[in-house]
Amino acid sequence: MRLLARLAGYVPTVVLARRNVSRASARSALAVVAVVIGVVAVGGVGLGGEAFTQNQLEAYDGFGGVATVSQLDYPDDGAAEPNGELSEQEVGRLRQAAGSAAVIPVVRPANDTVRTPDGEALFTVRVVSMSDPSRFYELRSGSFPASSSRAVVVGSRVAENNDLAVGDRVTVSTDSFARSFRVAGVLKGQGFSDPLSADRSVFVPVGQFDDPTYDEALVQVDAQDGSLDETVERVETEFNGRDRSVFVDRVSDQRDQRAETFEQINLFLLGLGAVSLLVAAVTITNTMLMSIAEREGELGVLRAVGYGTWAVLRLVVVEAALLGVAGVAVGVPLTLGIGAAVNHALLGDPLAFTATGLRYVALGAALGLGIAVFGGLYPAWRAATREPVEALE
Amino acid sequence: MATADEPEPILRGQDVVREYRTGGQTVRALDGVDFAIRPAEFVAVVGPSGSGKSTLLNLLGLLDVPTSGRVELGGEDVSTFDQGRRTRTRKRDVGFIFQSYYLIPTLTALENVEVPRLLDRTPVETRERATELLERVGLGDRLDHAPDELSGGQKQRVATARALINDPNLLLADEPTGNLDRDTGDSILDLFDDLRTEQDVAVVTVTHDEYVADAADRVVRLIDGEVRG
Ligand SMILES: Nc1ncnc2c1ncn2[C@@H]1O[C@H](COP(=O)(O)OP(=O)(O)O)[C@@H](O)[C@H]1O
Ligand SMILES: [Mg+2]
């Protein structure tokens with residue numbers, strides 16, 4: 001006896017089940033496809049969501065140890081809003097309080113407009129000014145201009161949507177000036193979570209503003225120099241003693257909030273994906289009901305020649321499980337392939353799988369197998385509890 | 001009728017009644033039947049269609065239990081057996097040859113014969129025994145054929161080999177020669193004879209064939225669920 005056949009003899013239920021599954025191959029294939037869809041839905045949503053989350057959260061990478069400080073405004077009729085302005089004097093106090101931490105005031109001029117050389121106004125583009133944006137951002141092309149030069153750095157979306165490249169010119173007008181600037185550099189894409197919305201901003205050197213008012217300030221602590229928490233503590237003490245006058249927000253908190261939001265969206269989508277697994281379970285049940293109805297006599301013979309109810313139950317469940325195994329065997333590589341494509345598109349690295357993402361793939365596989373077994377239970381119970389005499393009529 | 005030196009019956013039935021309830025109606029398929037099946041006996045069950053022959057065979061094979069009356073196996077009332085024990089008893093003691101064979105189409109002739117013993121996980125011994133049985137019924141050259149590559153008579157012989165794989169004490173056959181030519185029928189009857197003389201197997205067969213009935217030790221004639229004559 002050949003070795004394989006001999007081994008197979010020790011797992012007779014699987015052998016019998018496999019033969020039966022291959023009997024109605026079209027029907028079995030459809031059930032397998034249903035499982036594949038379910039596995040891909042759960043695993044793919046998991047991987048895709050992870051890649052998207054990572055892609056978005058990358059924007060926070062340069063902002064480790066950064067908090068934003070903005071002046072609180074107290075409108076007559078409402079709660080405090082962080083949209084006041086910081087005066088030069090307040091920035092000075094902030095620098096004192098922050099100690100060794102870097103304080104980078106940010107100007108967002110009012111009535112800002114950016115125009116292309118042919119005069120088209122770019123409505124969604126905001127003007128920002130801060131010293132040393134290179135602290136947070138990398139360039140895709142060009143270089144950061146000197147603080148006094150007539151040159152700007154533009155965000156990736158600004159460049160892409162308006163076909164702007166290094167060397168092109170744009171006109172920037174604000175309350176205090178209207179000047180033409182050379183594009184000195186284009187930033188790398190940051191995603192919409194970026195704290196300064198750099199993608200759709202034009203960075204004007206601070207030297208262009210004679211008398212700037214600051215809308216917010218960034219406080220950055222180097223990990224070696226001290227802790228952001230202590231710095232934030234000192235700033236709070238300085239400004240928010242009796243009255244709260246500034247709003248301090250750690251970028252890492254913003255990041256966590258974002259991450260949580262993404263996670264919830266992901267879970268919601270996973271729930272939708274799981275619905276397709278339920279559909280797969282119904283398909284398996286239907287397939288197995290048809291299968292047992294077709295071979296009622298055979299199953300009756302098995303009972304007659306000494307197969308117990310458990311043996312028949314197991315046989316039918318194993319058949320359903322084999323459909324699940326086939327679905328998972330096709331679904332998992334397919335999911336990983338899709339995940340690799342998404343990773344490549346969003347993160348630039350096909351293999352940028354995260355542990356969480358892979359856990360979703362495992363979850364999809366486990367659920368795929370689980371629902372196949374679950375879907376097989378009722379038909380198996382029906383087949384096993386059928387009186388052999390009736391089955392043999 | 002029973003003499004002192006006759007062996008103890010394998011199976012005994014007393015006043016066996018089997019009723020089927022369908023819709024509002026009750027059909028009495030067996031109406032107070034007594035029987036005893038002894039080792040090595042060859043019993044033919046004859047009677048018109050609907051007279052209760054298959055019902056009787058099912059009761060003999062512990063596939064079914066009577067509505068009233070007793071069916072005893074080794075002195076024990078089989079209606080006290082639970083499902084599992086009846087299944088184990090069938091596996092150990094009874095071989096069935098069904099009228100429509102019920103071979104599994106995805107398995108070869110050899111594998112079909114092995115089916116009753118597949119779960120025993122003794123693949124080597126099972127295969128040897130199955131091969132031997134198929135050779136014995138003259139199908140040594142058809143081991144790897146699928147059922148749909150076999151003629152009616154060949155399927156019948158596969159079903160017979162399958163019934164014998166667990167070395168039953170009692171072989172039950174529903175019209176085993178029904179669709180067969182005389183030569184094949186003869187070879188099946190010869191096989192029954194061999195089993196009886198070599199292994200004391202009792203054979204109970206339902207038949208319409210007078211020729212089979214003539215070969216039997218005893219003929220049970222059923223009419224409307226009762227034994228006549
Ligand atoms: N499962 C069943 N349900 C209802 N009636 C049945 C069933 N099986 C057999 N019968 C009835 O019992 C009687 C005897 O049937 P059966 O034993 O199959 O007869 P035979 O094998 O002699 O043709 C018939 O009237 C038949 O209709
Ligand atoms: Mg009948």
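How many residues does the contact take from chain B and from chain A? I noted 26 residues from chain B and 28 residues from chain A, contact meaning heavy atoms within 4.5 Å.

Before going on I wrote down that this is a predicted model, in which local features need pLDDT of at least 70 and side-chain atom pairs count only at pLDDT 80 or more, while totals for chains, interfaces and linings use all residues. Residues are numbered from 1 along each chain as its sequence is written, chains are lettered from A in the order in which they are written, and side-chain values use heavy atoms, with hydrogens and water left out.

Next I looked up the area buried between chain B and chain A, which is about 2,600 Å², with 66% given by carbon and sulfur atoms; this is the accessible area (1.4 Å probe) that two parts lose on being put together, summed over both.

I then searched this interface for salt bridges (a side-chain nitrogen of Lys or Arg within 4 Å of a carboxyl oxygen of Asp or Glu), and the rule finds one. Its partners are Glu111(B) and Arg19(A), at 2.7 Å from N to O.
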